Amino acid sequence: MGATPTQLGHLSPLIALVIAYLAGSVPAAYLAGKWRGVDLRKHGSGNLGATNVVRVLGGRIGAAVFAFDVLKGFLPVLLLPRFADTTHPEMIALALGIAAILGHVKPIFLLGRGGGKGVATATGVFLGLAWLPTLISFAVWLAVFFVWRYVSLASLAGAVALPLAFLATGVPLDDPEFLAAVVIAAFVFYTHRANIGRLRRGEEHRFVRSAPGAVAMEPQPPNAA
């Protein structure tokens with residue numbers, strides 16, 4: 001259920017990893033903010049992810065940023081293994097996905113100062129690696145979000161659901177993609193540790209209906225990251 005083994009070129013695996021990292025480093029949220037004259041690192045939560053874009057710039061721009069962040073994880077995993085000079089395309093695809101996620105969290109184009117929490121890019125990575133477990137995980141994300149309206153809680157639930165979805169679809173415990181899903185789930189919990197604290201204190205912001213057909217967010221608590 002992983003990447004295709006078809007080889008179309010002789011790209012060095014190291015160069016492929018650099019390309020994946022650079023792709024992940026493209027800061028769509030930052031660029032969207034600059035387009036509107038705003039440095040998102042100084043507004044809202046300060047995070048360069050789609051949720052903060054929605055909070056500051058609105059839903060349409062946030063959706064575009066989310067789609068971009070998914071693609072910068074999906075495309076390196078889908079395309080680069082075809083050109084990499086390797087006899088293990090599934091393993092290189094996994095490594096490329098990790099590189100893209102790291103680029104999103106610590107983008108070189110911003111000198112590592114600001115990045116997202118990796119959820120959208122990780123979704124793209126696993127969509128390229130194993131679409132069925134990823135769709136199951138995303139369905140869990142949607143269900144939790146629509147019931148409780150917390151993006152962070154939905155992201156944590158989706159992260160837990162991903163490795164479980166691998167097991168539910170018959171993937172063995174020693175499969176590299178399952179192990180990667182476990183690691184990514186732990187990483188998502190790490191990047192959301194401030195959100196977890198706010199959830200426990202009842203201070204986490206959530207999406208609420210502000211008017212018929214409109215969606216807004218509850219105000220961010222003072223000094224919330």
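The lining of the largest cavity comprises 6 nonpolar, 3 polar and 1 charged residues, where Ala, Val, Leu, Ile, Met, Phe, Trp, Tyr, Cys and Pro count as nonpolar, Asp, Glu, Lys and Arg as charged, and the others, Gly among them, as polar. Those residues are Val26, Pro27, Ala28, Leu48, Lys72, His104, Pro107, Leu110, Gly115 and Gly116. The cavity holds about 40 Å³ of space, and the structure has 1 cavity of 30 Å³ or more.

The model is predicted: local features need pLDDT of at least 70, side-chain atom pairs count only at pLDDT 80 or more, and totals for chains, interfaces and linings use all residues. Residues are numbered from 1 along each chain as its sequence is written, and side-chain values use heavy atoms, with hydrogens and water left out.

On a 1 Å grid over the protein atoms alone, a cavity is a set of points where a 1.4 Å probe fits but cannot get out; a pocket is an open set with protein on both sides within 12 Å along at least five of seven lines, and lining residues have an atom within 4 Å of a point. Grid points are joined across faces, edges and corners, and a volume is the space filled by probe spheres set on the points.

| Space | Volume | Lining by class |
|---|---|---|
| Largest pocket | about 1000 Å³ | 23 nonpolar, 19 polar, 6 charged |
| Second largest pocket | about 390 Å³ | 5 nonpolar, 8 polar, 3 charged |

The largest pocket is lined by 48 residues, and Thr51, Phe66, Trp141, Val151 and Ser155 lie nearest its centre. Elements that give two or more residues to this lining include α3 (50-57), α4 (59-83), α6 (119-129), α7 (131-148) and α8 (151-168); helices (H or I, at least four residues) and strands (E, at least two) are DSSP runs, numbered from the N terminus. The largest share, 7 residues, comes from α7.

The second largest pocket has 16 lining residues, with Asn47, Gly115, Gly116, Lys117 and Thr191 closest to its centre. At least two residues of its lining come from each of α9 and α10.

Helix packing is considered next. α7 and α8 pack at an angle of about 150°, with their axes 8 Å apart; axes are lines fitted to C-alpha atoms, for helices over the stretch in contact, and angles run from 0 to 180 degrees between N-to-C directions. The two helices α7 and α8 are therefore roughly antiparallel, a term for angles over 145 degrees. Their crossing is right-handed, meaning that the near helix is turned clockwise from the far one by less than a right angle. The contact of α7 with α8 has 15 nonpolar, 4 polar and no charged residues.

Helix α5 (residues 89-105) packs against α6 at an angle of about 170°, with the axes 9 Å apart. That makes α5 roughly antiparallel to α6. The crossing of α5 and α6 is right-handed. Ala93, Leu94, Gly97, Ala100, Ile101 and His104 of α5 make the contact with Thr121, Ala122, Val125 and Leu129 of α6. By class, this contact has 7 nonpolar, 3 polar and no charged residues.

Between α6 and α7 the angle is about 140° and the axes are 6 Å apart. Here Thr123, Phe126, Leu127 and Leu129 in α6 meet Trp131, Thr134 and Leu135 in α7. The residues of the contact of α6 with α7 divide into 5 nonpolar, 2 polar and no charged.

Definitions and conventions: Parallel < 35°, antiparallel > 145°, perpendicular 65-115°, else oblique. Contact = heavy atoms within 4.5 Å.
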